[in-house]
Each structure stands twice: as C-alpha cells, then as structure tokens.
Amino acid sequence: MSRYTLVTSIVNRFSGLLLSAGLLLLVYWLISVAGGPKAYSRARALLSLPPLQFIYWGLLVAFCYHLLAGIRHLIWDTGHALERSQAQRSSWLIGLLTLALAIALGLWLVRFGGHAA
C-alpha cells in the first residue's frame, strides 16, 4: 500500500469523525426548531457566532472530502483503479476536487444564505 492511500485513508476516517461531531450542532439546531420561536432565536444567535461559522467551513470541507473518498472506495470495490499510479493520481484528484467542491458550495451558501434560489 502506498503512502498516498495511507494518508487519504487516515484523512477519510478523520473527516468522518469531524462530521460525527458536527452532528451535535445539527441536533441542537433541530431541537431549537422544535422548541418554538424563542428557543430558535437563542439557537440562531449562538449558531451565528464567527467561531462556529469557521467550524461550519471545516465541516463543509470534511463533508466534501468524505463524499469523494467514499466514491473512490466504491470504485475500488469494483476492482478498478487499484494500481499504485492510479491510487496516487486519485489521491491528488480527491484533494483538488474537495477544494473545488467546498469552495463552490461555500460560495453558493454565502450567496443564498440558506434561502431558496
């Protein structure tokens, strides 16, 4: 196994852990929505703080990476792209596509601010 597959595998597991931790924020938000306008107002003020917005960006990158690495694993499960050079190329491709997808989704979220287009 090459170092590229080792590093991408470790990063994939770490991104999954980050996403699991991020679910706590989602659960808090859902509970506040169910709790009524007053609870939602408090949660919105808390969840809008700049440090949490930085965390959201990290979660977005983790989501994009985890998604793309999962697709690569599905391809590997079919027996394709298992050669060392192919694994190295797909590692770089996942990194570049993660950045591109995270930037595109981030810009879309900033532009529409959670509102329908």
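How much space lies in the second largest pocket? About 160 Å³ lies there. The model is predicted: local features need pLDDT of at least 70, side-chain atom pairs count only at pLDDT 80 or more, and totals for chains, interfaces and linings use all residues. Residues are numbered from 1 along each chain as its sequence is written, and side-chain values use heavy atoms, without hydrogens and water.

A pocket is an open set of points on a 1 Å grid over the protein atoms alone where a 1.4 Å probe fits, with protein on both sides within 12 Å along at least five of seven lines; lining residues have an atom within 4 Å of a point. The lining of the second largest pocket includes Leu68, Ile71, Trp76, Ala81 and Leu97. Helix H3 (50-77) and helix H4 (84-112) each give two or more residues to this lining, and H3 gives the most, with 5 residues. Helices are DSSP runs (H or I, at least four residues) numbered from the N terminus.

Ala81 is placed in the loop between H3 and H4. Phi of Ala81 is near 60°, a positive value in a residue other than glycine.

On the surface, Leu23, Leu26, Trp29, Leu30, Val33 and Tyr40 form a nonpolar patch with about 520 Å² of accessible area together. Helix H1 (residues 3-34) gives the most to the patch, with 5 residues; Leu26 lies in H1.

The table gives relative accessible areas, where partly exposed means between 20% (buried is under this) and 50% (exposed is over this).

| Residue | Relative accessible area | Class |
|---|---|---|
| Ala81 | 26% | partly exposed |
| Leu26 | 40% | partly exposed |

Conventions. Grid points are joined across faces, edges and corners, and a volume is the space filled by probe spheres set on the points. Buried means under 20% relative accessible area, exposed over 50%, partly exposed in between (1.4 Å probe, protein chains only). Patches are made of residues with over 30% relative accessible area and no salt bridge: like charges are joined within 9 Å, nonpolar side chains (Val, Leu, Ile, Met, Phe, Trp, Tyr) within 5 Å. Accessible areas come from the Shrake-Rupley method with a 1.4 Å probe; for residues, only the protein chains shown count as cover. A salt bridge is a side-chain nitrogen of Lys or Arg within 4 Å of a carboxyl oxygen of Asp or Glu.
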